[in-house]
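Trainee: Could we go through the surroundings of the ligand together, one step at a time?

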Amino acid sequence: MRFDVITLFPAQFAALTEEGVVARALQRQLAQIHLHTPRDYTTDVHRTVDDRPYGGGPGMVMRYTPLRLAIEAAQAEAAAEGVQSRVAYLSPQGERLDQRQIERISAAPGWVLVAGRYEGVDERLIEDCVDEEWSIGDYVLSGGELAAMVVMDAAIRLLPGVLGHADSARQDSHSSGLLDCPHYTRPETIGDRSVPEVLLSGDHQAIERWRLQQALGRTRQRRPDLLQGRGISEVEQRLLDDYLLEAARSRPRVGSEQSE
Ligand SMILES: C[S@@+](CC[C@H](N)C(=O)[O-])C[C@H]1O[C@@H](n2cnc3c(N)ncnc32)[C@H](O)[C@@H]1O
């Protein structure tokens with residue numbers, strides 16, 4: 001898959017492209033990231049990409065023409081490689097992304113991502129050139145670069161062959177509508193806490209069952225809204241009931257009960 005990013009700050013993307021999972025995916029040509037700066041599409045000596053807002057008020061607004069030309073150039077480059085890209089503007093006003101949306105994004109051949117700065121972009125650019133608006137959460141960043149990196153990281157790690165183990169992404173939180181189970185590594189004992197015995201048993205079915213039970217229990221305790229949206233099978237319900245019973249039994253007793 002191919003991402004073309006329209007950004008005033010291309011150097012920021014080194015955080016994604018120089019080390020880690022995404023960098024390795026790029027080296028192995030499982031994905032491509034191309035950076036384009038609207039400054040290259042200005043005609044004045046100062047290479048101006050922003051201007052004061054009509055109506056007054058604080059901040060600056062990114063100008064229409066350099067952005068439009070950068071988007072069109074990016075789409076043309078992608079098309080020359082046989083990739084038809086839709087355009088997404090990263091925006092706190094966009095649709096809030098979740099794992100289902102990331103799966104959809106990851107399945108597409110290409111995207112042009114527009115990273116805004118200042119007060120945002122001229123509204124007419126969104127009307128004319130943007131197919132989708134994406135938010136990474138209900139808070140405001142200084143620029144769309146971090147948001148674009150979040151989306152690219154989440155989408156690229158889902159591509160076949162990117163993660164070492166094909167099951168890794170499937171087990172992750174949100175991929176099956178549940179949070180992930182707890183994980184442990186050596187040493188077996190830290191202070192008075194040991195790794196749950198079942199994980200040392202070598203019984204793969206029992207381990208799978210325990211992991212599913214933990215995932216169900218955690219989701220119920222931390223994000224009950226996810227379970228409501230997902231639904232639950234009879235087998236899962238029994239596992240969850242047992243988990244909750246056990247959790248209630250091992251919960252520390254409080255107040256007068258404790259001092260008895
Ligand atoms: C300071 S923000 C502009 C916010 C804008 N005035 C508003 O309130 O909607 C600058 C840029 O950061 C990006 N941005 C900020 N918060 C974001 C979020 N939650 N998700 C995605 N992009 C975001 C957008 O590209 C935006 O154009």
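Trainee: Is L141 buried or exposed, or does it fall in between?

Mentor: Bear in mind that this is a predicted model. A residue counts as buried with 20 or more other C-beta atoms within 10 Å of its own, and as exposed with 12 or fewer. Because L141 has 17 other C-beta atoms within 10 Å, the residue is partly exposed.

Trainee: Where is L141 found, and with which residues is it in contact, leaving aside its neighbours within four places in sequence?

Mentor: L141 is found in the loop between β7 and α6. Once the neighbours within four places in sequence are left aside, its contacts are L146 and A147.

Trainee: Which element gives the most residues to the shell around the ligand?

Mentor: Of the 19 residues around the ligand, those that come nearest are L90, G116, L141, G144 and A147. Two elements, α6 (144-156) and β5 (86-96), each give two or more residues to this shell. The one that gives the most, with 4 residues, is β5.

Trainee: Which residues does UniProt list for "binding site"?

Mentor: The UniProt entry is unreviewed, and its annotations may be inferred rather than shown by experiment. Under "binding site" this entry lists G116, I136, G137, D138, Y139, V140 and L141.

Notes: Residues are numbered from 1 along each chain as its sequence is written. This is a predicted model: local features need pLDDT of at least 70, side-chain atom pairs count only at pLDDT 80 or more; totals for chains, interfaces and linings use all residues. A residue is near a molecule or strand if its C-beta atom, placed from the backbone, lies within 6 Å of it. Two residues are in contact if their C-beta atoms, placed from the backbone, lie within 7 Å.
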